[in-house]
Each structure stands twice: as structure tokens, then as C-alpha cells.
Amino acid sequence: MIYRTEKDILGVVKVPVDKYWGAQTERSRKNFKIGSESSMPIEIIHSFGLLKKASAHANFEFGLLSKKKRDLISFVCDEIIEGKLNDQFPLVIWQTGSGTHTNMNVNEVISNRSHVLMGCVLGEKKSFIHPNDDVNMSQSSNDTFPTAMHIASYKKLVEETIPSIKILRENLEEKSKSFQDVIKIGRTHLMDATPITLGQEFSGYVSQIDHGLYSIEKSLDHLSELAIGGTAVGTGLNAPNGYDTKVTKYICKYTGYPFKVAKNKFEELSSHSAMIEAHGALKQISVSLIKISNDIRFLSSGPRSGIGEIFIPENEPGSSIMPGKINPTQCEAIIMVCTQVLGNDVSISMAGSSGNYELNVAKPLIVYNFLQSSQLLADACTSFSSFCIKGIKPNYQRIQEFLDKSLMLVTALSTSIGYEKSAKIAKCAYENNSSLKEEAIRLGYLTEIQFEELVNPSRMV
């Protein structure tokens, strides 16, 4: 590999000649060779592109940056936003906890790419755009990185996670409506209970999703607050008065989303309660999805020796040794995804508590896990909805069989003959392997007509 030399305050560093990053990025790349699948999320890089462009325009309006520099920075930022420079951001999340290395990676790439756009050769002379003095003007890593965290997380939730969950919710509601008249036996403690309709059962799933969506959408308001303008410790040192408002205005213009200046920048730099709150909502919906998925795989268990009250789509062979076996793979996949989200929530909670005085020092970990959870849930909900929920059908014969044999239909008799007589009917029916009707008549508690009038599943739901 051919190298060029770059300088920083610590000295000279060799950098691959075809790369736009500089000395500080190269130091981080060599000093933090940790993990093989933990690169800084590209969403963070694209969000930095938005932020640096907005900052350049704001600094120009304050008379701090020339038009030529503003336009060069903006042009490169557009390339970053469009993904044209994705291969220029090699750093992992296991770096400085403030994300300074990634902030400088972006600054250096913008500086050196601008240098090339002006017809110059990398390394031959000082760049017209300075990474710190120009690209990072009025900023600190301590306020830019959390700003990028919020932009990336907000966009991910709004553009991918929420829409995917809503599609799943709509498919569950469609099933709930179509199953509304399918009367089946309910179950509590895994044991037979009183009747319920399959539609009512699915309506519970819809409600769980509704509450989860409400929590996610509610968290967006806090997540929309941006730390930019706080600079090093939240005081705004080295940033002009009103800089935060101007930058935020541009970010809103570029994204179309209602971002706003953080109410308290000291909190935004030193803790990440907005991220914790939003991920808590992802945890909430993950818990619901695990419950829903487990219910569906148990209800579809069998096909002959399980509950088997519903049919799920047969997507692929389920065994390498047992011919004809089909498994509830979509249920298993989304359960694993949601389990990962729960683990991520623990990491984010611990990382969120890792602030000391004016700075949280686990920012990369927080946003890495947050974006992973958001993406996994978006993908898994789409898959679960498309390849499982849409194709669910009732097994009417099995449902009726269980309903007819259920002893808990006796509950309908309690208000007429009392709890103890009803319990005796159920106990005798179980011991004698007979029906509730037979035992009610044999014990002399009810006539056949009276029993059939009282025990009517359609009136019990």
C-alpha cells in the first residue's frame, strides 16, 4: 500500500494515499482494532453530513465562514449524505466515549475531499478547508455527536421502525376482525378457561402493539431535541449567540422533521435520557412481540399432537432428519430479535449511567445498540407480518373439538346452581370421562333443557 503523510499535534502519521481521512482518524483506526462487526453506524455518518452542512450555512450567516468555504463544505456533505463516501469512515464504535474520533473522521474527510475538488493532490500542501477551524467551527465533538445520535435515531424510528410495526398491527387487526365469530376455549395458567373468540384473542395483540406504538411516538418529542450549540460542556463557548437556533432550522429544512433546540444542553451532553426513553419504548414493544409470537407458535403447535387451533404458513422444511416437518420459524426469529433488543436495553441503560459531571462517555455504544434495535425490529416485524400473520387460518375442527370437551364451560352454571355444585359436575365429568351435561343430569342438578339453555358458548364470550 502507498501512503502519504498527515500531521496533527502529536506528529506525523502515515495514511493510505487514496483515503480522504487524516491523522486523527488513522490513529483511531490503528489504536482501536476491536471487534469485526462494530463499525460506526453509517446512519451516524450521514447525520453528521446533515449537521456539518447546516453548521457551515449557519457560520456563513454569522459572517464567520466565507461563501466559497460554505459551498465546498456543503458539496462534500451532500456526497456524504448520499452515501458516495461511505468507504471513508472506517472507525469502530469502541473508541473514545464522546465520539470525538468519528467527529474528526468526518471533519478530515470534508477537508481533504474539498482539497481534491479544488484540483489539489492529497498531502502535497495544506488544505484550503481546515478540519477544526472551518468544518468544526462553533462546534465540539461533545455537542455534535449527540446531535447526530438524535438525528439518526429519530429518522430510523420514523422512516423504518414505526411504519413496519404499523403494518404488523394492521395485519393483526385484520385477523382479529375476520376471526371475531370463531368461538374457542380460553386458557389461563396454560389450563382450560372460559370461552373467548379467536378475534378477541387477537384483539389483545393489537392493543399491545397500539400501546407500544404510542410509547415510541411519544418518545419522539424528547428525541427531537438537539444538543448542537452546547459545544464542550453545554455553555456554548466559542459558538455565536443564536447559532443553535440557526443550525437546527437548517436541519429541519434538510430532513423535513421537527427538530428543536434542546431545553437544557447540560443534560444533553452529560446524559442521554431521550435515547433511554425511546429505547425503553422499543423494549416495551419487544416484550409484547415475544408474548404474541409465543402464543402463535403454541396455538399452531402440532400438527396432530399439539394445540393446533390455527394454521400458519409453511415457509420452508423444518428438519434435516424428519421428513415433512414444518416449524414456526418466523415466531422463533422475531423472539430472538426481541431478546437482542432486551439485551441492548440493558447495555444502553448501563451506558446511559456512564456520565461523569458534564459528559457521558459511552455515546457510540448507546447509538450503536439503539440503531441496531430499531433496524432489527423494523426488519423482523415486516418478515413476521408477511410470512406468518398474513397467512394464519383457523383450524375450525380442532377449535370446536376443544370447545366441546372443555370442562370450564361449567362456569356458566355457577350463577344458577352455585359454585360448589358446578365444581362437582366438572370433577365428576373429568373422573368419569363424561360430559358436563351427562353429569349435571345424573346428579339431579339440572334437566337437559335447563343445561342447554345455560351452557351456550356463544353467550359466554
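How are H11 and H12 oriented to each other, roughly parallel or roughly antiparallel? In this predicted model, local features need pLDDT of at least 70 and side-chain atom pairs count only at pLDDT 80 or more, whereas totals for chains, interfaces and linings use all residues. Residues are numbered from 1 along each chain as its sequence is written, and side-chain values use heavy atoms, with hydrogens and water left out.

The axes of helix H11 (residues 329–352) and helix H12 (residues 363–387) cross at roughly 165° and come within 9 Å. Helices (H or I, at least four residues) and strands (E, at least two) are DSSP runs, numbered from the N terminus. Axes are lines fitted to C-alpha atoms, for helices over the stretch in contact, and angles run from 0 to 180 degrees between N-to-C directions. H11 and H12 are therefore roughly antiparallel to each other; angles over 145 degrees count as such, those under 35 as roughly parallel, those from 65 to 115 as roughly perpendicular and the rest as oblique. The crossing in which H11 passes H12 is left-handed, a term applied if the near helix is turned anticlockwise from the far one by less than a right angle, with right-handed used if it is turned clockwise. In the contact of H11 with H12, the residues divide into 16 nonpolar, nine polar and no charged. Here Ala, Val, Leu, Ile, Met, Phe, Trp, Tyr, Cys and Pro count as nonpolar, Asp, Glu, Lys and Arg as charged, and the others, Gly among them, as polar.

H12 also packs with H6, the two axes coming within 8 Å and crossing at roughly 15°. H6 and H12 are therefore roughly parallel to each other, and H6 passes H12 in a left-handed crossing. The contact of H6 with H12 involves 17 nonpolar, nine polar and three charged residues. Helix H6 (residues 141–178) contains Glu173. This residue, Glu173, is partly exposed, with a relative accessible area of 26%; buried means under 20% relative accessible area, exposed over 50%, and partly exposed in between (1.4 Å probe, protein chains only). Glu173 and Tyr205 are 32 residues apart along the chain, and their C-alpha atoms are separated by 8.4 Å.

A further helix pair is formed by helix H2 (residues 42–61) and H4, which pack at an angle of about 60° with their axes 11 Å apart. That angle makes H2 oblique to H4, and the crossing of the two helices is right-handed. Ile44, Ile45, Phe48 and Lys52 of H2 make the contact with Thr102, Asn103, Val106, Asn107 and Ile110 of H4, contact being defined as heavy atoms within 4.5 Å. The residues of this contact divide into five nonpolar, three polar and one charged. Helix H4 (100–117) is also included in what covers the buried residues of H1, as are strand S1 (3–8) and strand S2 (11–16). In helix H1 (residues 23–31), the buried residues are Ala23, Thr25, Glu26 and Ser28.

The largest nonpolar core has 95 residues, and those with the most contacts inside it are Ile44, Leu223, Ile296 and Phe384. Another core, of 14 residues, lies apart from it and includes Leu407, Leu413, Leu446 and Phe451. A nonpolar core is a set of buried Ala, Val, Leu, Ile, Met, Phe, Trp, Tyr and Cys residues joined through side-chain atoms within 4.5 Å. Beyond its neighbours within four places in sequence, Phe384 is in contact with Leu168, Ile292, Ser293, Ile296, Gln330, Cys331, Ile334 and Ile389.

Thr248 is placed in helix H8 (residues 243–255) and counts as buried at 4% relative accessibility. Residues up to four places away in sequence not being counted, Thr248 touches Leu226, Ile228, Phe259, Lys260 and Val261. Tyr243 likewise lies in helix H8 and, at 0% relative accessibility, counts as buried. Apart from neighbours within four places in sequence, the contacts of Tyr243 include Ser55, Ala58, Asn59, Phe62 and Ile228. The C-alpha atoms of Tyr243 and Arg169 are separated by 42 Å.

Phe128 occupies the loop between H4 and helix H5 (131–135) and is partly exposed, with a relative accessible area of 32%. Phe128 and Ala412 are 85 Å apart in space, C-alpha to C-alpha, and 284 residues apart in sequence.
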